[in-house]
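Trainee: Before we begin, could you take me through this model one feature at a time, giving the general idea and then the case at hand?

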Amino acid sequence: MNIQEQRAALMDTLVDMLDGLVSSISIDAQLVRPAAGKVAVFIEPPAVEWPSWGPPEPVWTLDVIAGTPATQPSAVDDILTALDRLAERGLNLHKATPATWNLAGAGTLAAYQVTLNALETE
């Protein structure tokens, strides 16, 4: 599976796993618009490694962003709920680090930067 196919499969997986908790999932940062009580996910361009003679191995990083400028007190809880659901449903999470997301013209939102372990591509 090539990198673009992996990204498309990851997007589909996130939609299925997050169901009603997500307002948008995108590879375009300009389209990230979380709604109150929901998260948005930005899939960063992957870091790519080429081990020996094998196929490329992308390392995926997600930015999980929550809330609006007016709903920030509950935003971290919304993100943690989404991360718990991803873990419960089997996404191969490696680590999540608190971050912020600058929403152009609207201020800074709570976020977590999430690194995934290698995805199952068989």
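Trainee: Which residues have the most contacts inside the largest nonpolar core?

Mentor: First, a caution: this is a predicted model, in which local features need pLDDT of at least 70 and side-chain atom pairs count only at pLDDT 80 or more, whereas totals for chains, interfaces and linings use all residues. Residues are numbered from 1 along each chain as its sequence is written, and side-chain values use heavy atoms, with hydrogens and water left out. A nonpolar core is a set of buried Ala, Val, Leu, Ile, Met, Phe, Trp, Tyr and Cys residues joined through side-chain atoms within 4.5 Å, where buried means under 20% relative accessible area with a 1.4 Å probe, protein chains only. Here the largest such core has 23 residues, and those with the most contacts inside it are Leu-10, Leu-14, Val-41, Ile-43, Leu-62, Ile-79 and Leu-91.

Trainee: Which elements give two or more residues to this core?

Mentor: Elements are DSSP runs numbered from the N terminus, with helices (H or I) of at least four residues and strands (E) of at least two. Those giving two or more residues to this core are helix H1 (3–18), strand E1 (22–26), E2, E5, helix H2 (75–88) and strand E7 (107–116), and H2 gives the most, with five residues. A second, separate core of eight residues includes Val-32, Trp-101, Leu-103 and Leu-109.

Trainee: In what order do the elements of the protein chain run?

Mentor: From the N terminus on, the order is α-β-β-β-β-β-α-β-β, which comprises two helices and seven strands.

Trainee: Is Ile-43 buried or exposed, and which residues is Ile-43 in contact with?

Mentor: Ile-43, in strand E2 (residues 39–43), has a relative accessible area of 2% and is therefore buried. Contact means heavy atoms within 4.5 Å; leaving aside neighbours within four places in sequence, the contacts of Ile-43 include Leu-10, Leu-14, Ile-25, Trp-60, Thr-61 and Leu-62.

Trainee: What does Thr-61 touch?

Mentor: Thr-61 lies in strand E5 (residues 61–66) and counts as buried because its relative accessibility is 14%. Not counting residues up to four places away in sequence, Thr-61 touches Phe-42, Ile-43, Glu-44, Gln-113, Val-114 and Thr-115.

Definitions and conventions: Buried means under 20% relative accessible area, exposed over 50%, partly exposed in between (1.4 Å probe, protein chains only).
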